[in-house]
Amino acid sequence: MSCSSTEDLPEQYKELFTQDGVLLKACIGRPISDLNSIGMLCIVQNPDSTKCIEWRPNDLITIDSDTQDQEWAVVNTIGRRQRTLSGNMTSDYAAARARIVKIPLDELKTFKVARNSQQMQFSTKPGIWQNTFYFQHGNAEVFVSQLKNHLKTAKTRHDRNTYVVVEPNTESQVLNRSFAELDIFTENTTDVVWGLVSNFKQRPYETTMEAFSKLTDIVYYGNEGLNGQRDVSDEVADLLTKSMSALEDSTSVTKTEGYEVISVKPTLPPRPCIPRGTPLSTEKWEGLQDTDGRILEVEGVKQLIFRGGVAHSIRHSVWKYLLDYYPWNATHADIRKIQKKKTEEYFSMKLQWRSITEKQESRFSEYRERKSLVEKDVNRTDRTHPFFAGDNNPNLMVLQDILMTYAMYNFDLGYVQGMSDILAPLLLLLGNEVDSFWCFAGFMEKILSNFDIDQAGMKQQLLNLQQLLTFAVPDLAKHLATKDSENMYFCFRWLLVWFKREFSFSDIMRLWEVLWTGLPCANFHLLICVAILDAEKDVLISGDYGFTEILKHVNDLSMCLDIDKILSTAEGIYHQLISAPHLSDQIRIILGIPTASNKNPEDPSDTDIPEQENGYTRI
């Protein structure tokens, strides 16, 4: 392992995967000043074809991005925030490059995921964790999933969060011996999962299935006769098992050079059509409270809201619970105390910026910039809606006051373009300045990563969306890739303000309250994107649309979308995905369901996908 600098990147240097928002928490041999710096964790391929894990500080990325990230700048609607660099940040390029951390994969022995998927540790020597990284967005499993594409790993028996790297020569010897004993392959046998070259011309399908069965036994149990231990990677057995299930679903046979090639094409199960329910009514809402006002059966309430939304007459009450302004178990007396306390807090924060004098403001550049940006955005927010229309509209002043107060409440973030879009429907519904502020603050907690200064949250969501689309609508994903549009930048606006500009006020209220329930899975808003794109698939493909045409088409969808149809389709896609026998760990992580490798084989109840057992498809 090395923690050293590198020279300017040669042309043959290739980034295989990058993940933003990763802090360097510990690195042996590094000064304390280098620690707790935020940066990007990458998997890279060197000119000599060797691979390594590489962490780069954000100040280096910022320098590089001026010339290398022009494409992202095109869709960057947030605007650049000016902040004073911390003490360990430097604009000197050479010094920044000296802080790069490199971990060669051929030296990596062990790595560990901890703290709810927020921390990873790496070791190249037994008993010593040389590097520790902290993932701001709690998505270390995404990096692990990508790392497994380049390493063979196995979990330790004593700690299921610790992985050991399986020596390549050990596994290759086992597989080569297996193929030699079976005597069914005559050429390169590396692609054992998705293609089989068989010389059994008479019974290719049956022979292949028999061979896979034998090979599975060898992978699972081949070494146990020697040392009683499983040295072979779990992933190989998992892939083989899944591939057998896929063979049942779809196979195609072609002839080439005297051999029959059986190609496996996994297909998704049918997508269910799930109708929407009725909104949560006043009667049901009141019936779900006890005599003191506590909400009973919270999960049941969320299910009702997810199925049909909330009746408009009670939204002003229900939203305060969904946005964590009121606790679900609060009594009427508790709520009165909360309202009194929150009112005092709000006006105290408001007074902080309202009491700044002109002379203070003249020496407070960051305050002036935020104030100017808020004023500009407020004056162009939903001005065609009667609630915000006209000159000297008092509602615009309230909108501005709330946003300025939020800049004091969350000073690190301040104000970012797009926040006024988030606040406008809340103020329209609630009317009250204090209630609107605290509900807005609760909403912002749910989407805070959208406004990261390094845009790590937005980039991760776009990556997740691309992976979901590839799995759920592969033909559209393939088309986007041929048009250099797989970056999904045309969905940037959807994600940034949660579809606010795509729907009317009444429809966006229905969509938001459904998303706030957190059901039926994590990142359901990404499945909303997939549902919209799936509906437009034929237009995009048949029209041979490139990025510019796709962007225009997507923008033209604004106010033309059927919210009920989209919600129903998105829920159908969710059930379609979790029923897929070949559901990958990457998709599981995005949807927040257990990965196949994290299931407890001794607990039959530890399952979330129909027709599966312990993460493996029943055969």
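A crossing of two helices is called right-handed if the near helix is turned clockwise from the far one by less than a right angle, and left-handed if it is turned anticlockwise. Keep that in mind for the first stop.

Before you start, note that this is a predicted model, where local features need pLDDT of at least 70, side-chain atom pairs count only at pLDDT 80 or more, and totals for chains, interfaces and linings use all residues. Residues are numbered from 1 along each chain as its sequence is written, and side-chain values use heavy atoms, with hydrogens and water left out.

**Stop 1: helix 18 and its partners**

Select residues 456-472, which are helix 18, and residues 524-535, which are helix 22. Helices here are DSSP runs (H or I, at least four residues) and strands are too (E, at least two), numbered from the N terminus. The two axes come within 10 Å and cross at roughly 50°. Axes are lines fitted to C-alpha atoms, for helices over the stretch in contact, and angles run from 0 to 180 degrees between N-to-C directions. Helix 18 and helix 22 are therefore oblique to each other; angles under 35 degrees count as roughly parallel, over 145 as roughly antiparallel, 65 to 115 as roughly perpendicular and the rest as oblique. Helix 18 passes helix 22 in a right-handed crossing.

Now show the side chains. Among the residues of helix 18 that meet helix 22 are Gln-461, Asn-464 and Leu-465, and on the helix 22 side they include His-525, Leu-526 and Cys-529. This contact holds nine nonpolar, three polar and no charged residues. Ala, Val, Leu, Ile, Met, Phe, Trp, Tyr, Cys and Pro count as nonpolar, Asp, Glu, Lys and Arg as charged, and the others, Gly among them, as polar.

Leu-469, Thr-470, Phe-471 and Ala-472 of helix 18 make the contact with Pro-474, Leu-476, Ala-477 and Leu-480 of helix 19.

**Stop 2: helix 11**

Go to residues 315-322, helix 11. How many of its eight residues are buried? Six are, so the helix is mostly covered; buried means under 20% relative accessible area, exposed over 50%, and partly exposed in between (1.4 Å probe, protein chains only). The buried ones are Arg-315, Val-318, Trp-319, Lys-320, Tyr-321 and Leu-322. Their cover includes helix 12 (332-354) and helix 17 (433-446). Just after helix 11, look at Asp-324, which takes a positive phi of about 65°.

**Stop 3: Leu-24**

Select Leu-24 in strand 1, residues 14-27. Leu-24 has 0% relative accessibility, so it counts as buried. Its C-alpha is 5.5 Å from that of Leu-35, 11 residues apart in sequence. Beyond residues up to four places away in sequence, Leu-24 touches several others, including Trp-55, Val-101 and Phe-133; contact means heavy atoms within 4.5 Å.

**Stop 4: Lys-302**

Lys-302 lies in helix 10. Is this residue buried or exposed? At 18% relative accessibility, Lys-302 counts as buried. Leaving aside neighbours within four places in sequence, Lys-302 is in contact with Trp-328, Thr-517 and Leu-519. Lys-302 and Leu-519 are 217 residues apart along the chain, with 7.8 Å between their C-alpha atoms.
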